[in-house]
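The sequence and the structure are shown first, and a description follows.

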Amino acid sequence: MAVQKILLLFGSQTGTAQDTAERIGREAKRRHFQCRVEALDSYSVANLIHEPLVVFVCATTGQGDPPDNMKNFWRFLFRKNLPTTSLCQMDYAVVGLGDSSYPKFNFIAKKLHKRLLQLGGNPLMPTVLGDDQHDLGPDAVIDPWLLELWRKVLALYPLPSGLRVITPDVALPPRFMFQFLDEDSGNLSKSPPEQDGAFRDAPSELHPFRARVVSNQRVTEASHFQDVRLIEFDVTGSGVEYVAGDVVMVQPRNSQEEVELFCSLLRLDPDKLFVLKPTESGTPLPAHLPQPCTVRHLVTHYLDITCIPRRSFFELLSCFSPNELEREKLQEFSSAQGQEDLYAYCNRPRRTTLEVLCDFPHTTCAIPSDYLLDLIPRIRPRAFSIASSMLVHPNRIQILLAVVRYKTLLSKPRRGLCSTWLASLDPVNGAERVPLWVKRGGLKFPTDLDTPVIMIGPGTGVAPFRAAVQERVAQGKKGNCLFFGCRQKAKDFYCKAEWEELVGKGLLMLFTAFSRDQEEKVYVQHRIRENKELIWDLVNCRGAHIYLAGWGRLRLRGSGQPTAI
């Protein structure tokens, strides 16, 4: 009998859609399907006409935009010259992941389903719309949807004779085998060598530029509760070019202390060398890992041991547990019925993967190394709005960074992986380099000299507007209007001297709101209301563009992304 095939294609920005696609892929393998899980832009979309069964898992980002790793697929799929019978041989289903606090909730999944129908695809199920706002997250609707999906799939593609569904307590084969080497790791246990000379191509996620930190300045008072840094990177020789509104991506790393603890818990030698061997032909090796690699490099630069573990983590972990009590608890956390308990244990207190491993010691020391890449996701790059202009600071990138630190029910404060690492870097004595690259941003500023801009940037949301003001002033553009808000003028008025100098030269109109400097709180929306005649004149008579960025009380339906209006 011919092997049944299923294709899982995902568009993911933060990893949730990828995790869901991999979960569905595991369930397919338990039903003896030959399964491939790929990012949409990694898949040759022209082959879609030959696929019999496809499940699409798509997130919606920003204001109804596709994730970065499906934008090429998206453009191809909406070509007007595609025949309406292109996908008539394909059965499909669509899983959407979104946030109902956004106006365009799951817009990409809905539009994808509609387009697949137009091209002749045969839907097996109505599109399921996962919602981050639900108490139990997207799984609240995905769980029952999957039960019905597999019922319909197996009716169309029955199990081969004599085979049964593999139960969840049986671990599927790992994606990779670790082949440990006998030779000494030598220099491989250290960071990759610094690049020599100029980059031939612009830096990218696969080939980042390793930048030196030349400045790391705290811009809030020492007594202020929030540590905010203005950090400057030297990108000389990188070939990096950017304009106001662009974003710098930074690849963070785990701390040495946490790496050592992880290796100790799993009884791994951090300096041991290994190479990865795929268990199935056609499985690509992880693009971000060198071959050979040390355990230390894997844990430091690749495994996200400080992320909040997903449900799939507990499901796989339970398969390795030799301890009955730990195994029962892990199975409970991975079951549909145990999601409220899992939320209370993990998500609400923001418990990390490393802390969970400490809580299940008998299971942790029994984890086979071959399953590390199935168990723990890759560290995702972090995005920062660039807070400088190349016209003012050539060969430099500056960011305005709020160091993430907060308390939960757990005794140990929660810390942001990337912000804590960057804030710790010493520009004078530190030799460590920061892997980074630049992406085009969502803010596009007017190119002509006479169009004014109204920028509303509370807190660190002012970062892209600092870049815009620097760039526009250097280009001789006038009509720069900035609304900035923070708590106290004396404690967290970022870039105060710079703004006041521009105001004094007549190059910037600045309106500030210091919410805690008086008895009655004042926010930027109050300053906007006070200056409504000016704003109306700039918009109505001079065609001003309005931009909004940042969190806080002035935000668009939960969006922390910069927005142009």
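## A salt bridge at aspartate 68

Aspartate 68 counts as partly exposed at 30% relative accessibility, where buried means under 20% relative accessible area, exposed over 50% and partly exposed in between (1.4 Å probe, protein chains only). The side chain of aspartate 68 meets that of lysine 439 in a salt bridge (2.1 Å, N to O), defined as a side-chain nitrogen of Lys or Arg within 4 Å of a carboxyl oxygen of Asp or Glu. Because lysine 439 lies in strand β17 (residues 433-439) and aspartate 68 in the loop between β3 (53-59) and α2 (71-77), the pair ties together parts that are 371 residues apart in sequence.

## Basis of the model

The model is predicted: local features need pLDDT of at least 70, side-chain atom pairs count only at pLDDT 80 or more, and totals for chains, interfaces and linings use all residues. Residues are numbered from 1 along each chain as its sequence is written, and side-chain values use heavy atoms, with hydrogens and water left out.

## Further salt bridges

The structure holds 28 salt bridges. Another of them joins aspartate 246 and arginine 440, with the closest N and O atoms 2.6 Å apart. Aspartate 246 is buried at 1% relative accessibility, whereas arginine 440 is exposed, with a relative accessible area of 53%.

## Helix α8

Helices are DSSP runs (H or I, at least four residues), numbered from the N terminus. In helix α8 (residues 324-334), the buried residues are Glu326, Leu330, Phe333 and Ser334. On the other side of α8, Glu324 and Leu325 are exposed.

Methods:
Helices (H or I, at least four residues) and strands (E, at least two) are DSSP runs, numbered from the N terminus.
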